[in-house]
Amino acid sequence: MKAYDDICVRVYRESEKECAVLSLETLVAEILPSSIPAEFEGEALRAQAVVMRTNIARQLPVYNGRGCDVHPGADICDTGHCLRWMSRIRQEKVEGDKKGQNWERIIRAVDSTRGEIIVVKDRPVIAYFHECCGGATENSENITGNRMVYLRKVLCDYCKDSAAWENERDLSLEEIEERLDIRADGFVATKGSPIEGFIEDIDRDSEGRIRSIRIGGKYFKGTDAKDLLGLTSTRFGWRPVTLRFISGGKGHGLGMCQYGAAAMAREGSSYRDIINYYFTGVDITAVKGGSGTPLAGKVFVLDPGHGGDDGDNTGPGGLKEKDVNLDIALRLEKMLEEAGAKVFLTRRKDTGVLLSDRTDMANKTRPHFFISIHQNGFFNPVVSGTEIYYYNGDAEGERMGRCIMERLVEEAGALDKGVKTANFFVLREAKVSSLQLELFYITNPREEKRLEDSGFRERVARAVSNGIMSYYRYSAPKQR
Ligand SMILES: [Zn+2]
Ligand SMILES: [Zn+2]
Ligand SMILES: [Zn+2]
């Protein structure tokens with residue numbers, strides 16, 4: 001699987017009790033076998049792959065999904081909670097046989113529908129499915145109470161030859177009483193009385209022995225009935241103890257009927273035909289972010305500190321902070337734009353910009369974040385490390401600061417000196433979440449040396465970009 005690997009999904013795994021980051025396609029392949037038998041027709045598997053991908057996509061931030069509300073930080077969990085409402089996901093884990101023929105079929109179904117989801121007006125639908133509708137699917141309002149335009153009743157006799165078309169279940173009266181919390185007294189008390197249309201014309205002698213009886217329209221002498229039924233005497237009565245319930249279909253009946261899909265596939269329908277049959281008025285389209293735009297819709301103002309003649313820090317080797325700040329900001333701008341964000345810079349050249357002009361830009365643009373980029377300085381050249389500042393009380397600023405710090409430490413070897421509050425002008429005056437990154441001490445000869453290297457500056461920009469991604473729960477792979 002090549003394309004769309006850049007859509008990352010944070011999956012809470014019950015077995016590991018933590019979040020793993022998987023590509024969307026890998027996740028679809030993992031959960032597909034537990035939602036449909038892998039032996040089903042190829043087009044039915046494809047339709048199911050699109051269905052499952054749609055249900056994952058709904059949870060993602062790019063669609064304003066809420067993620068898993070039980071496991072914070074996860075887009076989705078594998079405990080069954082996030083997907084349980086769609087249908088009964090099979091409980092058996094279909095793992096292990098990842099090299100077998102079935103796994104090949106699964107991979108093919110996922111790969112050939114790569115990135116495709118079901119939408120109405122650009123929003124992923126709730127892609128319900130069930131095993132067998134038993135003749136017709138359901139209108140959503142009859143099941144969930146909500147009318148959904150794409151979950152309309154459609155007739156389906158495609159599933160009629162399937163094993164799930166008719167399902168029998170025998171329940172004893174005691175069980176029925178218990179499950180429904182009722183008493184069947186009146187019914188049970190009919191011991192020995194006629195059952196209309198079945199046991200009639202009962203003739204007993206004064207001792208209660210049956211002289212003759214009609215069962216199923218046929219007359220028997222009491223002694224014959226006793227022998228044929230293997231009873232111990234002709235003084236017998238009867239009482240029903242079990243009822244056989246017969247249900248047509250299997251599942252809630254919403255959305256796609258899987259046995260129907262399989263039969264449609266056998267008759268030559270494509271997965272697109274199948275989806276369009278069971279979901280009314282939907283489109284099949286590429287998932288957003290599939291072109292590498294996980295930050296689509298996000299706006300940032302980057303503020304390269306200093307410029308012109310304002311008093312920036314200078315390293316012992318002569319490297320100027322304002323130049324490093326601008327270089328990193330320009331690199332970061334490119335990375336964020338590639339990820340789909342809209343980015344503004346407070347300066348693009350070595351020009352002085354008033355602090356108030358910088359914050360004005362933030363307040364006019366109303367970005368999701370205003371990020372000021374600096375290198376630190378101190379009279380003592382031994383001092384080194386990275387500090388990130390946010391405005392007191394800005395919880396999102398703090399969280400973003402921590403995400404960025406984590407990546408700077410891991411990917412750029414930064415020394416974490418804290419994500420802290422400060423009352424800096426830009427933080428205070430920018431009326432949006434804002435951060436001031438004091439990336440490295442340019443006055444420290446070792447850190448200055450690193451900053452002189454454009455490869456290192458690229459790495460720093462990437463770490464900040466990755467930190468921003470992980471804030472939005474798109475965990476980019478770490479730089480090695
Ligand atoms: Zn969940
Ligand atoms: Zn059906
Ligand atoms: Zn500075």
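1. S465 is a residue of helix α14, which spans residues 454-471. The model is a predicted one. At a relative accessibility of 1%, S465 counts as buried, because buried means under 20%. Apart from its neighbours within four places in sequence, S465 touches L332, M335 and L336.

2. The axes of α9 and α14 lie 9 Å apart, and the two helices pack at an angle of about 50°. That angle makes α9 oblique to α14. The crossing of these two helices, α9 and α14, is right-handed. On the α9 side, the contact is made by V324, D327, I328, R331, L332, M335 and L336. On the α14 side, the contributors are S454, R457, E458, V460, A461, R462, V464, S465 and I468.

3. H306 belongs to the loop between β14 (299-304) and α9 (321-338), whereas E321 is in helix α9, so the pair ties together parts that are 15 residues apart in sequence. Both H306 and E321 are buried. Water is not among the atoms, so this site may look incomplete.

4. For reference, the ideal angle for four tetrahedral donors at a metal is 109.5 degrees.

5. What is the relative accessible area of C257, and is the residue buried or exposed? The area is 0%, so C257 is buried. C156, at 1% relative accessibility, also counts as buried.

6. The zinc ion (ligand 1) is coordinated by C68 (SG), C77 (SG), H81 (ND1) and C82 (SG), at 2.0 to 2.4 Å. The site of the zinc ion (ligand 1) is tetrahedral, with angles of 105 to 115° among its 4 donor atoms. The donors of the zinc ion (ligand 1) follow the spacing C-x8-C-x3-H-C. C68 is in the loop between α2 (42-57) and β3 (76-77), and H81 is in the loop between β3 and α3 (101-111), so the pair ties together parts 13 residues apart in sequence. C68 has 4% relative accessibility and counts as buried. H81, with a relative accessible area of 27%, is partly exposed.

7. α2 passes α7 in a right-handed crossing. E43, A44 and Q48 of α2 make the contact with Q258, A261, A262 and A265 of α7.

8. S384 is located in the loop between β16 (369-376) and β17 (386-390). At 12% relative accessibility, S384 counts as buried. Leaving aside neighbours within four places in sequence, the contacts of S384 are L415, K417, Y441, N444, R446 and E447. The C-alpha atoms of S384 and P445 are 9.2 Å apart, although the two residues are separated by 61 residues along the chain.

9. T26 lies in helix α1 (residues 24-31). With a relative accessible area of 32%, T26 is partly exposed. T26 and I107 are 81 residues apart in sequence, and their C-alpha atoms are 9.0 Å apart in space.

Definitions and conventions. Residues numbered from 1 in each chain as written. Chains lettered and ligands numbered in written order. Predicted model: local features only at pLDDT ≥ 70, side-chain atom pairs only at ≥ 80, totals over all residues. Heavy atoms only, no water. Buried < 20%, exposed > 50% of the residue type's maximum accessible area, 1.4 Å probe, protein only. Helix = DSSP H or I, 4+ residues; strand = E, 2+ residues; numbered from the N terminus. Donors = N, O, S within 2.8 Å, 3.2 Å for Na, K, Ca; no water. Tetrahedral: all angles 85-135°; square planar, octahedral: opposite > 155°, others 65-115°. Left-handed = near helix turned anticlockwise from the far one by under 90°. Contact = heavy atoms within 4.5 Å. Axes fitted to C-alpha atoms, helices over the stretch in contact; angles between N-to-C directions. Parallel < 35°, antiparallel > 145°, perpendicular 65-115°, else oblique.
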